[in-house]
Amino acid sequence: MRRFLLPLVLFLVLAGFLAVGLSLDPREVPSPLVGKPAPAFQAAALARPDATIKRDDLLGKVWLLNVWASWCGACRDEHPVLVAYARKGGGVPVYGLNYKDKREDGLGWLQKFGNPYTESLFDPEGRIGIDYGVYGVPETFVIDKAGVIRYKHIGPLTPEVMRDKLEPLLRKLNA
Amino acid sequence: MIPELGQFILMLALAVALVQGIVPMVGAQRGRADWMALARPAAWLQFTLVLLAYFCLTASFVRHDFSVLYVASNSNSALPLPYRVAAVWGGHEGSLLLWVLMLSVWTVAVARYSRSLPLVFVARILAVLGLVSVGFLLFMLVTSNPFDRLIPAAVDGRDLNPLLQDPGMVIHPPMLYMGYVGFSVAYAFAIAALIGGNLDATWARWTRPWTSAAWIFLTFGIGLGSWWAYNELGWGGWWFWDPVENASFMPWLVGTALIHSLAVTEKRGGFKVWTVLLAIMAFSLSLLGTFLVRSGVLSSVHSFATDPRRGLFILAFLVIVIGASLILYAWRAPRVGLGQRFGLFSKESMLLVNNMLLVTACGGVLLGTLYPLFLDAMGMGKISVGPPYFDTVFVLMMAPLLLLMGVGPLMRWKQDDAGSLARRLRWALVFAIVAALLSGWLMGRISPATTGGLFLAWWIVAAISVDLIERLKPKPGMGGSIVGRARLLPRAMVGMMVAHLGVAVFAFGVAMVKTYETERDVKMGPDASTDIAGFHFRMLSLKDVQGPNYAAAQAEIEVSRDGKVIALLAPEKRIYRVQNNPMTEAAVDSSLLRDLYISMGEQLPTGEWIVRVQHKPFIAMVWGGCLVMMLGGLLAASDRRYRARQTRSAAIGGATAGRAA
């Protein structure tokens, strides 16, 4: 009798895994960079071609890095969320990473839809993007006072994500 | 009005399915002939209702009723009529309706062609099928109703996924589902036999043609899907080990094992417990496939909309159906006797190894498909398992299988002698080695791995020839001409030979195309040209064309060899207006010996295009092999023996049933 129960046992184990699998999102890929120091960069500011911004300039404060581009449709969806966050005040500075874009297109886009960014880094070839493991735009990184990446959000930010995930984390990091 | 009617009909169908699932089953346990007799009319009624509901949904598509959510999501006013009809199964809800329709088609087929079977047995079979139908109808009505209204109605629909707008796609899902769902018949036979305790050679003989029929559809469906992917996805690949493909391939592997195992059960009374388990497994894998595709636990290029509630429902259904079957199996199987003993070197042994290899291959595919899920579920990170794993595992299992495929059919039941077998096959071996080296040499390069693959293909061909020659040789007491003797070969036997030949054709095609295919990405504008594998490609023109629901850039490319024009190909890059999706419409010049495959990549700022040109020797044989396998299945399933003997054994079966009642 026992050996005839084997298929049933195997199947139940499989079903257990499938049940757990249902609650997971296969598209959610964790970044290996979370918990590691943010890769260093040195880039021109989008609005001020002569000024350079370095990662180390931002040490000592908690900040958000939001990857965006004028050619990205989903960025347009998330943009009002960022604009609202910046307008509300009292939040952390948001830096943009203008990814694989043309300078005039990026600036025009900000003019049209509002500029929530303290500053945007200009990354026309996507080199910084590669260092940060960007594989889809938009993406948002939370970086702490010590320059360590604490969280990465893939895809457009929504008011829910801001409220439930980012803002509590930012409060904790700033405390 | 029509959608409401459709929904109401579906509810009626659910009620009928409940009756079909419960009353005959209870009747069979209590020996009530009148209750059992309800099974057939209930099956017919359910079929009629599901068909009507299906027509209702089709009508909503044809009439552009965008107040139906499902229609609005999968159709558009510019969508041509044939695709509107096919769009019924273009999404999740309609696919389920098609699934249920197929199930009821198989059910009435069983009801119709089981006149010679004892009523108790038929009642149980139809009841099991009815219960499966209950599950799917409930699933549809509770979580995925195709008739849900969209209020206010959409002005226009979101259009059918452009990937699915292809003639191949019109028949691919129905064929695949016919195969998937077809295993429900073998499953119902197995469950009915487990309940009734009549797991014997007669049961195996009844099951065989049904299993073969499902297998034929599945083979066709998978082959067609692969051919569609090759033509429509525009990469020139034909198999991607994508979870959705694997989901259809696993039942195929186990179904193939089942066909072979059934042969032993019928002929020798052996492998009974194993056969019944395979029948349960084949259908369970079909259900699991449905779960994997529909629940979204695995991401896949086929990515359908996901809804956790749906996943939970199918999982619960899966646990109930498969769990109950396996409990029944564990309870009943110990009492099933073993078949006749057989020696280590016998046809039975060979078929056992065949079964082990096929099931292990299926296990390998299952493991690879679910491995990312296992790791993720245990919090060990995300990985993906790709073709390198599958190719390795698969070749590892298939190489010995193909080797045995040459030997097995020539062996005797019970006990054979290795020495005499080696003598019978020595020339086949020599021929296969020479032919493999020769085919490699003719292609210009001999590589060890390819020679192995080609050897296996030629080996099967040679062994089948030896088998055929031996069978056609004049024997004492059997005169007549060669044609006369050929006529006497049982059709099942010929079917087996043809199916095995199909495997050889397939293996030959795969070995050839994997080794000798060449491709080149070139920048092309009008008048630009390139060469590959001795063919000369010249772009004549580049123009914009307008389709009914898309706009396309179309290149006209002339293919010539030694100055002689062979083909004029027109690959396209389409943009479907509604979903704004780019689609690569490859142009293929196909022949038995090679395909020339052109697809357009990206447009450059200069206006030129990146064009990918591929030469694929013998790739047609990959699908040709599937067709030949299918033909073999058709021959085997149509063997007169099943019908003739069925009537004879029915008298006996009926008598025992009468006594039991």
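## A pair of strands

In this predicted model, strand S9 (residues 594-603) and strand S10 (residues 609-617) of chain B run antiparallel and are joined by eight bridges. Within this pairing, B:Gln603 stands opposite B:Trp609 in S10(B).

## The sheet around the pair

The pair belongs to an open sheet of four strands in chain B, whose order is S1-S10-S9-S8 and whose pairing is antiparallel. Strand S1 (518-524) and strand S8 (587-590) of chain B each have a single partner strand, so these two stand at the edges and one side of each is left without a neighbour in the sheet. From one strand to the next, the twist averages 15°.

## Two assigned domains

For chain B, the domain assignment gives domain 1 (1-165) and domain 2 (518-618), and the C-alpha centres of these two domains of chain B lie 42 Å apart. Their contact takes seven residues from domain 1 of chain B and seven residues from domain 2 of chain B. On the side of domain 1 of chain B that touches domain 2 of chain B, there are four nonpolar residues, one polar residue and two charged residues.

## The chain as a whole

Chain B contains 20 helices and 10 strands, and its C-alpha trace spans about 85 × 75 × 55 Å along the principal axes. A compact globule of 661 residues would have a radius of gyration near 26 Å, and the 27 Å of chain B agrees with this.

Of the 661 residues of chain B, 50% count as buried. Among contacts in chain B between residues at least 6 apart in sequence, 75% join residues at least 24 apart.

Terms used. Residues numbered from 1 in each chain as written. Chains lettered and ligands numbered in written order. Predicted model: local features only at pLDDT ≥ 70, side-chain atom pairs only at ≥ 80, totals over all residues. Domains from an automatic or database assignment. Contact = placed C-beta atoms within 7 Å. Nonpolar A, V, L, I, M, F, W, Y, C, P; charged D, E, K, R; others polar. Pairing = 2+ DSSP bridges. Axes fitted to C-alpha atoms, helices over the stretch in contact; angles between N-to-C directions. Rg over C-alpha atoms; globule rule 2.2 N^0.38 Å. Buried ≥ 20, exposed ≤ 12 C-beta atoms within 10 Å, placed from the backbone.
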